[in-house]
Amino acid sequence: MLDPLLLEYDFAVIGAGPAGLLAALTLVLSRKTSRIALLDKRDPWREPVSCAEAVHRERLEALVPSVEPAWVRGPVDGAIFVAPDGTPLRLEKPNSGLLIDRALMHRRLAEQNRERGVHCNFRTRTTSVSRLENGFRTLQYESLNGAEKGSGELRARVVIDCSGPGTGFGGGENITQGNFDVEPAVFALVKGLRYPVNYIQLFFGRNYAAGGYAWLFPRDENVANVGLVVGRDYAQEAPARQALKRFLDQTYPGAEVASFQGGAIPCGYPDDPLAADNLYKAGDAANMVHPISRAGILEAMTGGKLAAEAALKTLGMDREEDRQRVYAEYKANWDTAFGKTHRRICRIKKNFMAIPDRVFNRAAHSLARLPSSKLHMNRIAFTTLWQSPLTLWKMRGLLAK
């Protein structure tokens with residue numbers, strides 16, 4: 001999508017991932033303006049977007065006006081947690097989630113934006129965002145469109161940054177930068193595996209991924225998304241790509257790897273402001289990722305929607321105190337949706353991810369004696385902690401906050 005860009009907009013959304021796509025769609029569906037630019041350096045359906053293709057069904061349906069059947073690869077009926085020694089625990093939650101074709105979902109959301117009048121240019125890399133001056137921020141950008149390569153600028157009354165972690169937009173201002181606790185992740189599309197296609201599989205322990213975990217997300221009967229994330233404190237001793245190759249050799253010997261892809265995940269909760277002077281942050285640009293599971297797609301979509309709803313209120317607001325009230329409301333709404341939970345989990349993350357493999361194994365052996373109907377997330381987490389009194393003691397104050 002290569003829509004020509006105007007010199008001036010009411011809203012500019014940087015980044016056409018889950019957060020940016022939903023932010024732009026929320027803006028245009030409000031019918032308060034059609035002067036919206038959605039910018040990205042590449043088509044959002046051509047990125048390596050296979051990571052994190054399992055989502056909660058009800059939350060996705062609440063966010064997206066209409067979930068198209070073509071987006072859905074199949075249902076998620078639960079999860080299989082695998083201890084370091086290979087002991088599996090099956091958590092049954094029938095029809096609770098969806099395996100989505102994320103690339104197709106991105107494409108259709110982009111098309112919906114364009115059909116409603118959003119200017120979508122996916123060969124534009126934003127290089128800088130100025131401070132607010134005379135009611136506008138100025139975006140400098142590079143055009144990456146073949147023979148038309150060059151630079152340019154546009155002005156926008158409000159900017160929503162959904163670009164990713166650590167891009168630096170708003171640097172020096174009192175606003176989050178999305179670069180807190182950034183961790184390496186890598187995944188592969190793998191053929192030739194045998195697995196239940198309606199369960200995700202999660203592998204915890206240093207035996208698999210130090211300070212993180214490994215996963216298998218089904219795609220179809222022939223291809224699976226297999227990957228892992230390594231904790232920041234362990235990235236030097238256990239590089240993510242090497243760890244994934246070792247995990248594949250150990251767990252799925254003989255599997256055929258079609259492709260490797262990787263990236264960085266901002267997994268912390270910095271508790272910094274999410275908006276300042278008509279610049280809003282959402283998605284990875286605002287650390288909107290679960291600190292332990294590293295899930296981020298629904299968090300990003302929620303953040304993008306909330307940022308757009310707040311941005312609509314500040315469009316045309318002259319009084320700084322009125323804008324500050326809206327910024328605080330945006331942060332409060334995010335905290336209600338996910339932020340408070342993320343904050344609590346972030347406090348215990350370091351201790352939890354440092355639990356020794358022998359503790360995970362003991363907990364799994366204890367829980368494996370229970371019928372699957374008795375297993376749930378709280379019981380799994382509590383039993384694991386109960387097997388490690390020292391960890392539980394270290395976390396006592398954090399859990400109470």
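Arginine 57 and glutamate 61 lie four residues apart in helix α2 (residues 57-63), so about one helical turn separates them; helices here are DSSP runs of H or I with at least four residues, strands are runs of E with at least two, and both are numbered from the N terminus. Their side chains meet in a salt bridge at 3.9 Å, N to O, the term denoting a side-chain nitrogen of Lys or Arg within 4 Å of a carboxyl oxygen of Asp or Glu. Glutamate 61 is partly exposed at 43% relative accessibility (buried is under 20% relative accessible area, exposed over 50%, partly exposed in between, with a 1.4 Å probe and protein chains only).

The model is predicted: local features need pLDDT of at least 70 and side-chain atom pairs pLDDT 80 or more, while totals for chains, interfaces and linings use all residues. Residues are numbered from 1 along each chain as its sequence is written, and side-chain values use heavy atoms, without hydrogens and water.

The structure holds 25 salt bridges. One of them joins lysine 281 and aspartate 161 at 2.7 Å, N to O. Because lysine 281 belongs to strand β16 (residues 279-281) and aspartate 161 to strand β9 (residues 150-161), this pair ties together parts 120 residues apart in sequence. Lysine 281 is buried at 1%, and aspartate 161 is buried at 0%.

Eight strands form an open, mixed sheet in the order β3-β5-β4-β11-β12-β13-β10-β14, where pairing requires at least two DSSP bridges between two strands. β3 (54-56) and β14 (256-266) each have a single partner strand, so one side of each lacks a neighbour in the sheet. Within the sheet, β4 (residues 72-82) and β5 (residues 88-100) pair antiparallel over nine bridges, and alanine 79 has leucine 91 in β5 as its bridge partner.
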